[in-house]
Amino acid sequence: QVQLVESGGGLVQAGGSLRLSCAASGGTLSRYNMAWFRQAPGKEREFVAALTWSGGSTYYRDSAKGRFTISRDNAQNTVYLQMNSLKPEDTAVYYCAADSDRSGTYFYRSFGEYNYWGQGTQVTVSS
């Protein structure tokens, strides 16, 4: 059973950058579809970015396109979310998620698609 641990969150001014990391143990991330979700206070958890297990495809929410990049380092068994040009509306707890089902349709936006989750890391963007 894979365990995920996020890190890299913090306080940053609008326009700044952060790189979130999701380190895995108990499993090889290249065998999982991976995603980042976020949840702001009083709001539902929402999809941010996803990367297929093959590494061949990436997906982003519209507001993240051109600013965020999801990537994976197989040697480090870690997935990253590089976030640039941060805005106050990006403030949230960011969660890493893994989907062990590599067959069929990958519903990357769906919370229920993922069977492993990290504990989250707080990102706060000040204006």
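This is a short tour of the chain, stop by stop.

**Before you start.** The model is predicted: local features need pLDDT of at least 70, side-chain atom pairs count only at pLDDT 80 or more, and totals for chains, interfaces and linings use all residues. Residues are numbered from 1 along each chain as its sequence is written, and side-chain values use heavy atoms, with hydrogens and water left out.

**Stop 1: the whole chain.** Show the cartoon. You will find zero helices and eleven strands. Helices (H or I, at least four residues) and strands (E, at least two) are DSSP runs, numbered from the N terminus. The C-alpha trace spans about 40 × 25 × 25 Å along its principal axes. Buried residues make up 44% of the 127 residues. Buried means under 20% relative accessible area, exposed over 50%, and partly exposed in between (1.4 Å probe, protein chains only).

**Stop 2: the largest core.** Select Leu-4, Met-34, Trp-36, Phe-68, Leu-81, Met-83 and Tyr-94. These have the most contacts inside the largest nonpolar core, which has 30 residues. Such a core is a set of buried Ala, Val, Leu, Ile, Met, Phe, Trp, Tyr and Cys residues joined through side-chain atoms within 4.5 Å. Now colour the strands that each supply at least two of its residues, including E3 (18-25), E4 (33-39), E8 (78-83) and E9 (92-99). In soluble globular proteins, nonpolar side chains tend to be buried together.

**Stop 3: Phe-68.** What does Phe-68 touch, not counting residues up to four places away in sequence? Its partners include Arg-38, Val-48, Tyr-60, Leu-81, Met-83 and Tyr-94. Contact means heavy atoms within 4.5 Å.

**Stop 4: the second core.** Select Ala-35, Phe-47, Ala-97 and Tyr-114. They are among the seven residues of a second, separate core.

**Stop 5: two loops.** Most residues other than glycine have a negative phi. Go to Asn-77, in the loop between E7 and E8. Asn-77 has a positive phi of about 50 degrees, although it is not a glycine. Is Asn-77 buried or exposed? At 16% relative accessibility, Asn-77 counts as buried. Next, select Ser-85, in the loop between E8 and E9. Ser-85 also has a positive phi of about 50 degrees and is not a glycine. At 40% relative accessibility, Ser-85 counts as partly exposed.

**Last stop: contacts across the chain.** Zoom out again. Among contacts between residues at least 6 apart in sequence, 59% join residues at least 24 apart.
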